[in-house]
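Hi everyone, thanks for coming. Please have the sequence and the 3D view open while I talk, and we'll walk through them together.

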Amino acid sequence: MSGRHRAPSDDGTESRRTPIVVALAVVTIVAVAVGAFLVLRRDHGGPSPTAPPTTRSRADIEARLNASFDALRFRTPVGVAIVPVGGGTPLLFGDQTVHDAWSTIKAPLGLAAERKHGMSRTEANAVVDSDNNSARILTKSLGTPAEASEALADVLREGGDTVTVPPPHRGSTHPMLGETQWSLADSGTWTANLPCMTGSDHILELMRDVADVQEWGVRRLGDERTAVKGGWGPDADGGYVVRQIGVVTLHDGSQVAVSASTHTPRMTFEAGTATLDKVAEWLKAEFDSLPGGRCH
């Protein structure tokens with residue numbers, strides 16, 4: 001044999017193998033000991049190292065959000081309703097005075113009209129630009145005054161709002177649907193069910209594409225994750241009511257509905273939107289605490 005060839009016992013393999021075997025044995029003993037410790041710890045009530053994080057209860061979420069909302073100390077009355085998409089009991093914060101819906105009613109109105117006539121530029125103008133004349137055209141397109149009220153009521157009921165009644169009509173005059181008294185709890189519930197309603201995709205698309213006049217409040221959370229409809233107008237005391245409904249998509253893809261409003265005598269539109277911008281800041285700070293849901 002050539003001198004370049006060595007017997008297996010001469011190349012050092014066996015001499016290195018012995019300490020490796022010893023090391024493996026030590027590692028095995030340590031692993032067994034650690035495993036035994038963890039089993040004993042678990043048996044005595046300690047948390048399992050592989051246990052998933054505990055899901056926060058509704059009470060915990062509500063308590064946290066109530067505390068942080070109260071800490072904002074708004075100078076004017078502000079109310080908010082938060083409802084997981086797919087339905088659930090609304091979480092209510094602040095002033096829950098019931099106000100006119102104003103242009104937020106154009107979302108259910110637009111859906112009612114689209115179901116009867118299909119998509120239209122008039123519908124887009126009413127939702128995206130919040131155009132009042134377009135909303136009147138949609139209202140009249142639903143039929144007689146009684147039929148228009150009934151069509152709106154049907155869409156509200158389908159969205160889980162079992163309470164709200166459109167304003168009364170007089171003779172052949174169609175009702176001003178913006179005068180519908182719409183509570184935050186009921187509007188929040190309807191908005192939470194909107195993504196789950198048949199044929200609602202186009203309305204939500206329009207709400208994601210609103211004009212600059214509606215770029216406030218929940219919209220501050222980002223165009224890519226919000227669909228909104230704002231409403232505003234002067235109350236009998238001269239101050240504006242400024243309100244908004246919106247669907248917000250959370251980090252995990254679940255969604256939550258928000259309905260918010262603010263009003264005080266002599267309040268301007270600009271002051272109202274600035275106040276709802278502060279609500280958006282609160283929602284952003286508590287984003288990971290918001291209770292998301294999905295359509296069933």
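Let's start with the chain as a whole: of its 296 residues, 44% are buried. Buried means under 20% relative accessible area, exposed means over 50%, and partly exposed is in between, using a 1.4 Å probe and protein chains only. Before going further, please keep in mind that this is a predicted model, where local features need pLDDT of at least 70 and side-chain atom pairs count only at pLDDT 80 or more, while totals for chains, interfaces and linings use all residues. Residues are numbered from 1 along each chain as its sequence is written, and side-chain values use heavy atoms, with hydrogens and water left out.

The protein chain has nine helices and seven strands. These are DSSP runs numbered from the N terminus, with helices being H or I of at least four residues and strands being E of at least two. The accessible surface is about 15500 Å², and carbon and sulfur atoms account for 55% of that; the area comes from the Shrake-Rupley method with a 1.4 Å probe, and for residues only the protein chains shown count as cover.

Now find helix H7, residues 184-193. Is it buried or exposed? Ten of its ten residues are buried, so H7 is largely enclosed by the rest of the structure. Among them are Leu 184, Asp 186, Trp 190 and Asn 193.

Next, salt bridges. How many does a search of the whole structure find? It finds five, each being a side-chain nitrogen of Lys or Arg within 4 Å of a carboxyl oxygen of Asp or Glu. One of them pairs Arg 115 with Glu 158, with the closest N and O atoms 2.5 Å apart. Arg 115 sits in helix H3 (residues 106-117) and Glu 158 in helix H6 (residues 145-158), so this pair ties together parts that are 43 residues apart in sequence. Both ends count as partly exposed: Arg 115 has 40% relative accessibility, and Glu 158 has 38%.

Another bridge joins Asp 277 to Arg 220, and here the closest N and O atoms are 3.2 Å apart. This pair also links distant parts of the chain, 57 residues apart: Asp 277 is in helix H9 (residues 269-285), whereas Arg 220 is in the loop between helix H8 (201-207) and strand E5 (226-234). Asp 277 is buried, at 16% relative accessible area, but Arg 220 is exposed, at 51%. There is also a network, in which salt bridges with shared partners join Glu 215, Arg 219 and Asp 223. Within it, Glu 215 and Arg 219 have their closest N and O atoms 3.3 Å apart. Glu 215 is partly exposed at 21%, and Arg 219 is buried at 4%.

Last stop, the largest pocket, with a volume of about 360 Å³. Of the 17 residues lining this pocket, Trp 102, Ser 103, Asn 132, Met 176 and Gly 178 are the closest to its centre. Which elements give two or more residues to the lining? They are H3 and helix H5 (132-141), and H5 gives the most, with four residues. For the method: on a 1 Å grid over the protein atoms alone, a pocket is an open set of points where a 1.4 Å probe fits, with protein on both sides within 12 Å along at least five of seven lines, and lining residues have an atom within 4 Å of a point. Points are joined across faces, edges and corners, and the volume is the space filled by probe spheres set on them.
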